[in-house]
Amino acid sequence: MLSMKNVSRIYRTDVVQTHALRNLSLEVEAGEFVALVGPSGSGKTTFLNIAGLLETFDDGSYQLDGRDVAGLNDNDRSRLRNEKIGFIFQSFNLIPELNIADNIDVPLRYRGFAARERKRRVDRVLEVVGLGGRKKHLPSQLSGGQQQRVAIARALAGDPGFLLADEPTGNLDSSTAAGVMELINEIHRNGATIIMVTHDLELAARAERIVRLSDGQVVLLDEGGEGSELENGAAV
Amino acid sequence: MEIGPILRAMTRNKIGAILIALQIAFTMTVVVNAYFMIEERMRLMERPSGVVEDQLFHISTRGFTPDFNGKVSVQDDLALLRQTPGIVDAVAINAIPLSGGGWSMSLQVEPGDGEQGHGVAIYMVDDHGLDTLGVELIAGRDFTPADVRERGPATSDWPDKAIISEATVKALWADANPLEVVGRTAYINDDEPVTIIGVVEKLQAPWNGWTTVEQSMLVPDKLIWTGVRYMVRTEPGRRDEMMPIVEELLARSNNQRIVRAPESMAETRARSYALDSGLAKILGVIMAMLVSITSLGIVGLASFSVRRRTKQIGIRRALGAKKRDILRYFLVENFMITTLGVVLGAVMTVGFNVWLVQALNFPKIDWLYVPIGMLALWLIGIIAVLGPARRATAVPPAVATRTV
Ligand SMILES: Nc1ncnc2c1ncn2[C@@H]1O[C@H](COP(=O)(O)OP(=O)(O)OP(=O)(O)O)[C@@H](O)[C@H]1O
Ligand SMILES: [Mg+2]
């Protein structure tokens, strides 16, 4: 599904160069659920942005679904994001001036679906996240957990197959977080490939594999599950 | 097209949009009406006077010695002018078209002081009048030397022949053909008969603001006053060159008088319409100012809306929006605001004009100006929003994950 070899990303400002990723190599199989952990500034979001085609990289190679993405132009990247990739963000990133249904509708319109098809999909994913009755609500009228469910619904509406989540529960209390996590697990069980950044080791433990980043490099690959090394390891 | 969501999103931030729409409507109202007024002025200013303006200038003289002989002086001057190379013809005349000063009399079809009269401007000329002015005779004949009498300061009666403008024919005899009125009699001063011996196509009265500015009459009176004005027709292209020559010539030929500076018909015309062209310029400046302020308003609102939605743009890009989708979003949003503005503007434009017509007796606006004005402001709206919208497309998708 995802294959990165020696990917580097350097942020240049007038005064400093930051090596956000250094020769990072990683393979993720289709249908896998990977948790990405690491200290702040270690490059997790950078990795996710590159994996999700939100940003380009400076060196190395990246194949998504067997396709080399280095040569894609802006339009192709937009189309791939739209059709193959779902994003879930820490701060939900709903569009505040659109109601719930219109928010979920956004990627579907860019996809060019007809109105009927869009409506069918919006209704379906809202059902999946359990917010069928809130279509006309504005994001500000929902709780954080509900907003994140809407964001997940929006990510799912296009049937992406590849889900990228950057601390999806970072802004939620633990019981709400558990609900959202349950949803993500279910999406995974339905066959999606998931890469999730988290600071919460308990949540990371629910993934099939934990990838640990430090200073822009993969330092430790670990099978997920109870009793893993990380579980007792140093604070992340 | 995502008209529905754009509209719903806009209704949640409507103040700015409504203000800009109102500004567009107001601008359209003023600009369209001002443009119409300018056009009206231009149309008035472009009316031909009927004389060959670019070959004509006029110059006046006044004798100041007690024994100054007007009759001899005019005779000598005209002989001198008419034989000067570069001059086609010259005539002593009592009034100058467009000059704002002249005589008018009332002409009527039947004699008697109860009959309806028609105001006409009077031009007193000799048998060189038509040739000098360059007016076109379309019926009848020109004056001959035998027709011409002398008119001194004491003369109070009128010659028995006249040439009138076609508009005067229409005023006197409604739909009569110029050819058939030749030989007819009209009455001046209530009961002095005047035979119409010719009709000229066009000769404006000296007052351009007069509603009957096209009504005029030439009479075969040769002026023999001590103060007299000559109209001089030069060969084409030599007017400016001849003006100082003639001034010099007249001054030298007789030192018992003063010769005033000559004025070309172009100057007379410019002076005549100075107020109109000044008003047109002021209106033009107001139009330009309003249009630029409104364009800046649109640019400002769009820039603000782009900046406020930087994060949202990033999110949309992350969700698959191509650059052109972002561009289109802002164009469509602006198009909707502008449309509201121009529709409102169309109503206000017509309403304002109706008020101008009723309260200030302005001419009624040509309805075509309204769609043209709408179109123009639509275009201005699109051009104004292009910059901010292009800046919006430059927002990178990573903004979705990078900003809070
Ligand atoms: N746009 C940018 N310009 C310059 N430096 C950047 C930029 N984005 C990220 N960085 C730097 O790149 C490095 C990696 O950042 P990144 O956001 O990937 O870290 P992270 O692992 O997601 O951290 P956190 O857990 O705090 O979210 C950091 O040192 C950061 O300061
Ligand atoms: Mg991060």
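**Helix α1 against α11, chain B.** I started with α1 (residues 3-11) and α11 (residues 323-360) of chain B in this predicted model: their axes come within 10 Å and cross at roughly 65°. Axes here are lines fitted to C-alpha atoms, over the stretch in contact for helices, with angles from 0 to 180 degrees between N-to-C directions. Helices are DSSP runs (H or I, at least four residues), strands likewise (E, at least two), numbered from the N terminus. I noted the α1(B)/α11(B) crossing as right-handed, which is to say the near helix is turned clockwise from the far one by less than a right angle.

I then listed who touches whom, with contact meaning heavy atoms within 4.5 Å. From α1(B) I have B:I3, B:I6, B:L7, B:A9 and B:M10, meeting B:Y329, B:V332, B:E333, B:M336 and B:I337 of α11(B). By class that gives nine nonpolar, no polar and one charged residues; nonpolar covers Ala, Val, Leu, Ile, Met, Phe, Trp, Tyr, Cys and Pro, charged covers Asp, Glu, Lys and Arg, and the others, Gly among them, are polar.

**Ground rules.** I number residues from 1 along each chain as its sequence is written, and chains are lettered from A and ligands numbered from 1 in the order written. Local features need pLDDT of at least 70 and side-chain atom pairs 80 or more, while totals for chains, interfaces and linings use all residues, and side-chain values use heavy atoms, leaving out hydrogens and water.

**Helix α3 against α7, chain B.** Next I looked at α3 (residues 70-83) and α7 (residues 239-253), which pack at about 140° with axes 11 Å apart. This crossing is right-handed. B:D77, B:L80 and B:L81 of α3(B) make the contact with B:V246, B:L249, B:L250 and B:S253 of α7(B). The tally is five nonpolar, one polar and one charged.

**Chain B against chain A.** I found 28 residues of chain B in contact with 28 of chain A. The two chains bury about 2600 Å², 52% of it on carbon and sulfur atoms; that is accessible area (1.4 Å probe) lost on being put together, summed over both.

**Salt bridges.** I counted five between chain B and chain A, taking a side-chain nitrogen of Lys or Arg within 4 Å of a carboxyl oxygen of Asp or Glu. A:D102 and B:R8 meet in one, at 2.8 Å, N to O. A:E55 pairs with B:R402 at 3.5 Å.
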